[in-house]
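Dear colleague,

Please find the structure below. The notes that follow it set out what was found there.

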Amino acid sequence: MSKILIVAEHANGQLNNSTAKVLSAAKQMGASAIEVAVFAADPAAIAAQAAQLDGVTRVRAVANAANANALAAVLAPQVAALAADYTHVLGPSTTFGKDLMPCVAALLGEAMVSDIMKVHGAHRFERPIYAGNAIITVECPATRKVIATVRNASFAATGNGASAAPVEAASVNATLPSHTRFIELKAGASDRPDLQSAARVVSGGRAVGSAENFAIIYKLADKLGAGVGASRAAVDAGYAPNDMQVGQTGKIIAPELYVAIGISGAIQHLTGIKDAGTIVAINKDGEAPIFEVADIGLVGDLFKIIPELEQAL
Amino acid sequence: MKILVAYKRVVDYNVRIQVKPDGSGVVTEGVKLSPNPFDDIALEEALRLREKGVATEVVVATIGPADAQAHLRNGLAMGANRAIHVTTGAPIQPLTAARALLKLVEKEQPQIVILGKQAIDDDCSQTGQMLAALWGRPQATFASKVEITGTVAKVTREVDAGLEVIEVDLPAVITTDLRLNEPRFIKLPDIMKAKSKPLETVTLESLGVESGDHHKVSAYAPPPKRSKGVMVKDVPELVAALKAKGLL
């Protein structure tokens with residue numbers, strides 16, 4: 001039977017929602033135990049949150065001042081040391097997991113599966129390649145450990161269970177490097193819903209025209225209670241910050257409602273929204289590829305349509 | 001200071017990928033091949049560091065079939081001093097690639113290894129991190145700004161929460177994000193010059209690398225298609241359609 005370890009992602013004392021999504025994938029792998037490892041300077045509060053999640057059998061809290069910030073070079077040897085007890089080590093396919101998990105795999109001498117989007121059992125998974133234009137089924141040998149990241153957009157978050165799992169302090173025997181130092185995080189301060197977990201997302205593209213004009217996107221988003229995204233073109237042009245980029249190399253999201261405004265719909269962008277419930281496209285070019293995937297399309301000038309739409313809501 | 005750049009050849013990003021009808025792979029015959037866009041950014045960054053006087057030599061390396069020589073010449077034309085071609089008949093997985101790159105690192109002793117953050121064919125985003133772990137050196141992934149001062153690199157990283165700044169001691173591995181730089185265009189005289197630049201060929205077998213290709217791909221499939229949507233003609237119709245779906 002499989003025994004799975006999930007590496008928790010967290011920030012500011014809060015467990016990141018991605019952990020509950022990885023848990024949903026783990027539960028489909030037919031495991032006898034699913035444990036969560038929390039690495040932090042003070043992991044107690046985060047570990048307590050992880051212990052609440054339905055299906056978690058134990059939480060292992062690794063307290064260390066060196067774990068105050070998530071540095072892959074510092075975390076990887078600790079995860080690798082814990083991995084001895086497990087058949088699977090899973091992390092989220094966020095920048096946190098993408099940075100860390102390949103290091104864990106390499107230290108263990110294992111190959112890694114990136115971006116699991118479907119689980120067919122303990123050793124068989126589907127993942128996207130070529131910006132999601134092909135889906136492959138990957139077979140991992142049952143004799144080896146599975147090291148993988150799970151694509152957030154493909155799994156719903158597991159909720160809390162009836163009772164909390166035990167939390168145990170774990171000590172790991174690993175030499176931690178000092179060659180990598182955290183300096184600062186410049187986070188985009190925002191009261192809006194988080195792009196990766198928002199039920200509704202409004203995104204703007206190059207046609208929005210300027211950073212000032214992006215106000216129109218924010219206004220509509222606020223009216224809808226939506227998170228805000230942007231195409232690569234809009235981010236490259238400086239209209240929106242990098243953490244808003246949706247697509248193959250940005251964030252892959254799956255909101256119930258996605259409103260693409262002035263986005264032509266390059267393949268790389270469409271990759272990021274394929275799992276959205278309903279896609280609405282507003283673009284003045286009726287031939288734009290975004291309309292090939294849109295559930296509802298409206299051709300016209302966004303600067304006329306958006307204020308009108310805002311009024312109508 | 002020497003910089004090693006991992007430079008992969010992939011199906012051009014403009015090609016519409018087709019899965020073979022029998023599900024045995026994707027169609028790569030007769031399609032345009034190009035440098036992985038993130039690797040172009042990696043090479044550009046290395047060249048800029050050389051132009052600033054931080055680096056003295058830029059070496060590009062690829063792991064691929066015999067015909068990948070033309071691809072390396074492309075990297076030389078862009079400005080690399082020399083190239084290393086690790087030849088292999090079959091495609092390899094990231095762990096094997098990282099082990100092979102480690103062999104090159106041990107031989108070349110670079111202070112910085114720059115790779116793209118992911119290759120746009122397999123989209124794994126693993127090789128740079130695996131190399132750093134195997135090498136026991138720092139990594140700065142998803143870089144959007146790199147500043148070298150002495151033996152320390154200060155790197156701004158594009159992370160989900162915004163921009164993270166870290167400091168790493170050299171030697172180190174850096175992987176590039178999109179906004180690190182805009183790669184230069186290659187000029188015709190440079191293509192001519194590249195023909196006489198040194199290009200070393202070694203076989204993957206001769207490096208003595210243990211294969212890390214543990215995974216098998218048992219099926220290729222096209223992605224599920226979204227069904228064709230409806231076009232509305234104005235805002236009231238749009239609002240009505242959203243209401244009909246229970247979204248408003």
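Axes here are lines fitted to C-alpha atoms, for helices over the stretch in contact, with angles from 0 to 180 degrees between N-to-C directions. Helices (H or I, at least four residues) and strands (E, at least two) are DSSP runs, numbered from the N terminus.

Before going further, please note that this is a predicted model, in which local features need pLDDT of at least 70, side-chain atom pairs count only at pLDDT 80 or more, and totals for chains, interfaces and linings use all residues. Residues are numbered from 1 along each chain as its sequence is written, while chains are lettered from A and ligands numbered from 1 in the order in which they are written.

The crossing of α9(A) and α6(B) is right-handed, that is, the near helix is turned clockwise from the far one by less than a right angle, anticlockwise being left-handed. From α9(A), I305(A), E308(A), L309(A) and A312(A) meet V235(B), P236(B), L238(B) and V239(B) of α6(B), where a contact means C-beta atoms, placed from the backbone, within 7 Å. By class, this contact of α9(A) with α6(B) holds seven nonpolar, no polar and one charged residues. Ala, Val, Leu, Ile, Met, Phe, Trp, Tyr, Cys and Pro count as nonpolar, Asp, Glu, Lys and Arg as charged, and the others, Gly among them, as polar.

A second pair is α4(A) (residues 95-108) and α4(B) (residues 127-135), whose axes come within 8 Å and cross at roughly 50 degrees. These two helices, α4(A) and α4(B), are therefore oblique as well, and their crossing is right-handed. Residues of α4(A), including P102(A), A105(A) and A106(A), meet residues of α4(B), among them M130(B), A132(B) and A133(B). The contact of α4(A) with α4(B) divides into nine nonpolar, one polar and one charged residues.

**The two sides of α6(B)**

Within α6(B) (residues 235-244), V235(B), L238(B), A241(B) and L242(B) are the buried residues; buried means 20 or more other C-beta atoms within 10 Å of a residue's own, exposed 12 or fewer, and partly exposed in between, with C-beta atoms placed from the backbone. Because they span an arc of only 120 degrees around the axis, they lie on the same side of α6(B); the arc is that of the directions from the helix axis to the C-beta atoms. P236(B), K243(B) and A244(B) are exposed on the other side. The buried residues pack against β18 (296-299) and α9 (302-312) of chain A, together with β13 (230-232) of chain B.

**Backbone points to inspect**

Most residues other than glycine have a negative phi, and most peptide bonds are trans. D115(A), in strand β7 (residues 112-116) of chain A, has a positive phi near 60 degrees. With 24 C-beta neighbours inside 10 Å, D115(A) is buried. A131(A) also has a positive phi, of about 55 degrees, and lies in the loop between β9 (124-129) and β10 (134-139) of chain A. In chain B, a cis peptide bond joins L170(B) and P171(B), with omega about 0 degrees.

Yours sincerely

Terms used:
Contact = placed C-beta atoms within 7 Å. Parallel < 35°, antiparallel > 145°, perpendicular 65-115°, else oblique.
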